[in-house]
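The sequence and structure come first.

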Amino acid sequence: MPKKCPWPRLGCRPVKTPREAVSGCDIVVTAGPILKVPHATIQPGWLEEGAFASLVDYDSYWSRAALKEADKFCTDDIAQLDYTKTTGYFQDIPPVYAELSELVTGRKPGRESSRERTMACNLGLALDDMATAPLVLKLAVEKGLGTRLPL
């Protein structure tokens, strides 16, 4: 008997195959262990036209052919992505269309057609952590939360 979906407003449902988890979705997020040799679970033709994919786990679960179906492949930092390639990851991804900052500032257009398949692989910027950490610390101190660690 299928389990009840804990998020019924999202319309989640259990599936039996990886293809069922991808096909027909507007948004696909893969977030498994990061692998140097991709598992290549997701195959070409599974990501619908007009869908967006977020590769939280790098390219670990996408076949090369499925990645190449992306009309726009974006990242948060091309230099960081290029460095990560030198360590053995991202050996066969589509050309990077834009950095996130270029999309947000309008220097490059985002989706230009309802049929475009778009992908983002954001590796994370330490700048975000540096901007957030002082706010978290201030709030923790104000509320008397946390444990001070000797450094």
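D92 and K68 form a salt bridge through their side chains, at 3.0 Å from N to O; the term stands for a side-chain nitrogen of Lys or Arg within 4 Å of a carboxyl oxygen of Asp or Glu. Because D92 sits in the loop between α3 (78-86) and β4 (96-99) and K68 in the loop between α2 (64-67) and β3 (72-75), the pair ties together parts that are 24 residues apart in sequence. The model is predicted: local features need pLDDT of at least 70 and side-chain atom pairs pLDDT 80 or more, while totals for chains, interfaces and linings use all residues. Residues are numbered from 1 along each chain as its sequence is written, and side-chain values use heavy atoms, with hydrogens and water left out.

The whole structure holds six salt bridges, including the following.

| Pair | N to O distance |
|---|---|
| D92 and K68 | 3.0 Å |
| K72 and E116 | 3.4 Å |
| K138 and E142 | 2.8 Å |

K72 lies in strand β3 and E116 in the loop between α4 (100-104) and β5 (118-120), so this pair ties together parts that are 44 residues apart in sequence. Helices (H or I, at least four residues) and strands (E, at least two) are DSSP runs, numbered from the N terminus. K138 and E142, in contrast, both belong to helix α5 (residues 126-143), four residues apart, about one turn of the helix. Salt bridges with shared partners also join K72, E112 and E116 into one network.

How covered are these residues? K72 and E116 are both buried, where buried means under 20% relative accessible area, exposed over 50%, and partly exposed in between (1.4 Å probe, protein chains only). D92 is partly exposed at 31%, as is K68 at 46%. K138 is exposed at 51%, and E142 is exposed at 53%.

In β3, K72 and C74 point one way and F73 and T75 the other, and all are buried. In a regular strand the side chains alternate between the two faces of the sheet. β3 pairs with β5 in the parallel sense over three bridges; strands count as paired if DSSP finds at least two bridges between them. The partner of K72 in β5 is T118. Three bridges also join β3 to β4, which run parallel, and C74 has A98 as its bridge partner in β4.
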